[in-house]
Every structure is written in C-alpha cells, then in structure tokens.
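Student: I have a sequence and a structure to read. Can you take me through its features, one by one?

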Amino acid sequence: MGPVEECCVKTQVAIIGGGPSGLLLAQLLQTRGIDSVVLERKTKAHVLSRIRAGVLERGLVGLLEEAGCADRLHAEGFTHDGTLLSYGDEMFRVDFAAHTGTPVVVYGQTEVTRDLYAAREASGGPIAFEVEDVRIEGADGPTPSVIYSQGGQMRRVDCDFIAGCDGFHGVSRQAIPLDQRQEYEKVYPFGWLGILSETPPVNDELIYANSERGFALCSMRNANLSRYYIQCSLSDSPEDWTDEGFWEELKRRIPADQAAKLVTGPSIEKSIAPLRSFVCAPMRWGRLFLCGDAAHIVPPTGAKGLNTAASDVHYLHRALTRFYETGESDGIESYSTDALARVWKTQRFSWWFSSLMHRYPDQSAFDLHMQVAELEHLRSNQAAQKAMAENYVGLPY
Ligand code: APR
Ligand code: PHB
C-alpha cells in the first residue's frame, strides 16, 4: 500500500458502486441538495456493457421521474398492460391493467443506467471510476470513511453515511462482521441462456413458456432488438450453443403459432446466467447501508433485480432526506426492516414464478402435476391472476 491519503474529500454520503442503485440514490439525494461521491471500480463503458433485464415497475418509473431521468424511458420504452404465459400449446394472458390499473415499462437496464450517468454528469456530481482497494472504516462510529486508490494515489472520503451499492461481489456486505449478519441462499439447478438479436420481437408482449423441454422467455428491447432466454443446464457454456441450435430449441418451447412467426437472426450477445435467490440481513450496520445486489439477488424470472434495488434506494433516500431535513433518524433506524420487508415479498414472488415455469432435473410426475394444476388455476382464476399482476407490476413501497 503506497503513502496514505494524498487527498481527502468530505461529503455527506459516500456511495460505493456506480451501477443503477448507486447512481439512482446519488441523483435522488442531489434533488434534495444532499451531496454524495460515487466510487466505481470499473469504467463507465464497462458498466454500460452489462446486458440485464428491462421490465420497470411503477415504483422505479416514479423514482426515475423524481430524479429527472425518465424522459427517454417515456419516449422510447414500451408500456405493457399484460404478459403471456404458455404451457405446452396452451397460452393465456394476465392483464395487468384490468387487475391493477397499472402497466409495466419495458426499457433496458442498460438504458436506465445510461440515463442516470447522463444526469450525474449534467449535474456535475462527482464519480470516481476505476477505483481499487476500496476499504470502509469507522462505519460503526460517528465519522465513517472510505479509503481507496485511484491511479496509484491513495484517497479518502470522509462522510456521514456510506451506501453500499457495489453489487454481490462488492466490499460493503463483507464490511458487516460475519457474526452480525445472516445470509439466506437458494441455488436453482439450471441457468438461463440468453441472446440479444437485431430482429423484431415475436410478440408485442412478453411470453413466459413452461415446456416439457424447459423454460423459455421471449422479451425485447425495442422494435428491432429482441431478447430471448431458454433454460439450460448449469454445465453448459455459451460456446456449446450455435445460434441455429438456440433458435431451434426456442421454437420447440413456445406455442407453435408463435414459433411459426419467430424472426431469427445472428445473436449479437449470448450469455448464461445462473439462477439464485440470496438475502443478507440486516441491510444496515451503523452508518453503512446496503442497497441492491449488495444485499440480495433474485432469479431473473420476475425481472425483480433492478426493481428491488430501486425500492431499497427509495427507503434509504427517504431516511437520509428526513435526517438531513428534520434531524429525525427514525427512517435510518427502520431502514433495514423496511427494505427487507419488501425484499422478502419480491423474493417470494421470484421463487414462486421460477418454480412454476421451470422444469427441475429431479422433478417427479407428481411435481409436474402440481405445476400444471397451478398454471391451470392461474389461467382460470381471476383472483390468482390479480395476485400475480400485483406482484409483477410492483408491490407498493
Ligand atoms: N468498489 C467500487 N465499485 C464496485 C466495487 C468496489 N469494491 N465492487 C463492485 N463495484 C461496482 C460494480 O462494478 C458495479 O458497477 O458496483 C456496481 C454494482 O452494480 P450492480 O451489480 O448493477 O448492482 P446494483 O446497482 O445494486 O443493481 C442491481 O443489477 O445485477 C443487476 O439484477 C440486478 O438488476 C439488478 C441490478
Ligand atoms: C429481459 O427483457 O431481459 C427480461 C424480461 C423479463 C424477465 C427477465 C428478463 O422476467
């Protein structure tokens, strides 16, 4: 470690992680005149190169509007009032608008992050990229700091609070002593092979398919950029799948009439994501607050990753604003409880939807009948559809 602390800055909130949750928090705090410094390990280009889900709940859209970052999503995003579920050749629609009066917005997470970077740069808010050796100090005391190096120089940020928005592999969660935190995990015995293709979406709404060959999802980014996923074995690698192989397999898993109109083409991105549920409790330790993937991971089936990160940011932004504007720390005291209460509900929905739509290697004939009976119930029962719709569009904060 070189000579310590060439430079030290003082701010109100040090935000570790320049992904969507860190940037959204920074923008929201900025709208209330609360200063922050964002520290990001990678380059901006690297952060924007990540392909992630793109279904935005009403809560997240509201926060992006509050942060002044929603113009492009309203101009370019798709408003979806429903989604389609299929099993075998059966297909039915869950009408979000009819059941909740609320749509979702289909707009890539990469675009959300791009808009947040643009807002941060326009407001002149500090972001340090390519930071290394990030260390949290004094989070359990009155004057926390974040130490890091950048370009070989040691630097320190003195602050009132630290927001750990550094994802699952970040340093923030590790800063909570092991005996002070509980971790809950469920690993699913399959992954998702996803491709991005410059082809028109097969359908104007998403299709979630449970087929005897496994799960499939037909999604989109815009009118000529589609995103498709198929359930695959965890031992697969993207190289094992040619584009032709992917398209042929996808066609076998979606209803025949959809397969017949599927436009195929070369993939411009192909990757495999494991499916996992993970929660860390508490989400606060002294003056350190965890947000997003730093505290929890959901399987992508319900597209709840970004949306749950946003609900954390909502509770933290509200707690810090209340503290700085009124001196009240009740929001800070209840942050972990408030955030976790909603996290567990979205964990449940993501686990339920994943269990309903995937085929498990050790699935028994009885298990399969349970899936079909649940899908039949969902297809034919308005109350069941309403419950699904309420969770899909986003539970209230
Ligand atoms: N120091 C600084 N930055 C770090 C460090 C570190 N030690 N470790 C990680 N980071 C950065 C990562 O490079 C990344 O850009 O923190 C950022 C965390 O961003 P995300 O992983 O996108 O997590 P989050 O902002 O919480 O967004 C959650 O992302 O993974 C999806 O499905 C997930 O949609 C959800 C969303
Ligand atoms: C996506 O568009 O990438 C997507 C959409 C819905 C999901 C998961 C991923 O449930």
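Student: Which classes of residue make up the lining of the largest cavity?

Tutor: Start with the idea. Rolling a probe the size of a water molecule over the atoms shows where empty space is left. On a 1 Å grid over the protein atoms alone, a cavity is a set of points where a 1.4 Å probe fits but cannot get out; lining residues have an atom within 4 Å of a point. For classes, Ala, Val, Leu, Ile, Met, Phe, Trp, Tyr, Cys and Pro count as nonpolar, Asp, Glu, Lys and Arg as charged, and the others, Gly among them, as polar. Here the lining of the largest cavity has nine nonpolar, three polar and one charged residues.

Student: What should I know about the model itself?

Tutor: This is a predicted model, where local features need pLDDT of at least 70, side-chain atom pairs count only at pLDDT 80 or more, and totals for chains, interfaces and linings use all residues. Residues are numbered from 1 along each chain as its sequence is written, chains are lettered from A and ligands numbered from 1 in the order in which they are written, and side-chain values use heavy atoms, with hydrogens and water left out.

Student: How many cavities of 30 Å³ or more are there, and what volume has the largest?

Tutor: A volume is the space filled by probe spheres set on the points, and grid points are joined across faces, edges and corners. There are three cavities of 30 Å³ or more. The largest has about 90 Å³. Its lining counts 13 residues, and Ala53, Leu217, Ser219, Tyr229 and Ala303 lie nearest its centre.

Student: Which strand gives the largest share of that lining?

Tutor: Strands (E, at least two residues) and helices (H or I, at least four) are DSSP runs, numbered from the N terminus. Strand β16, residues 214-222, gives the largest share, three residues.

Student: What takes up the space of the largest cavity?

Tutor: A molecule sits in a cavity if more than half of its atoms lie within 2 Å of its grid points. In this model, the space taken by ligand 2 is the largest cavity. The elements giving two or more residues to the shell around ligand 2 are β16 and β17 (225-232). β16 gives the most, three residues.

Student: Which residues come nearest to ligand 2?

Tutor: A residue is near a molecule if one of its heavy atoms lies within 4 Å of it. Of 15 such residues, Tyr208, Ser219, Arg221, Tyr229 and Thr301 come nearest. Now look for polar contacts (pairs of N or O atoms within 3.5 Å). An oxygen of ligand 2 is 2.8 Å from a side-chain N or O atom of tyrosine 208. Another entry pairs an oxygen of ligand 2 with a polar backbone atom of threonine 301, at 2.7 Å. Taken alone, ligand 2 exposes 280 Å², and the protein buries 100% of that (Shrake-Rupley method, 1.4 Å probe).

Student: What about ligand 1?

Tutor: Ligand 1 has 24 residues around it, with Ser21, Glu40, Arg50, Gln109 and Asp293 nearest. An oxygen of ligand 1 is 2.8 Å from a side-chain N or O atom of arginine 50. A polar side-chain atom of aspartate 293 is 2.7 Å from an oxygen of ligand 1. Alone, ligand 1 exposes 710 Å², of which the protein buries 91%.

Student: Is the peptide bond from alanine 281 to proline 282 cis or trans?

Tutor: Most residues other than glycine have a negative phi, and most peptide bonds are trans. The bond from alanine 281 to proline 282 is cis, with omega near 0°. Aspartate 133, not a glycine, has a positive phi of about 50°.

Notes: On a 1 Å grid over the protein atoms alone, a cavity is a set of points where a 1.4 Å probe fits but cannot get out, and a pocket is an open set with protein on both sides within 12 Å along at least five of seven lines; lining residues have an atom within 4 Å of a point. A polar contact is a pair of N or O atoms within 3.5 Å; within protein, one must be able to donate a hydrogen and the other to accept it, and residues adjacent in sequence count only if both atoms are side-chain atoms.
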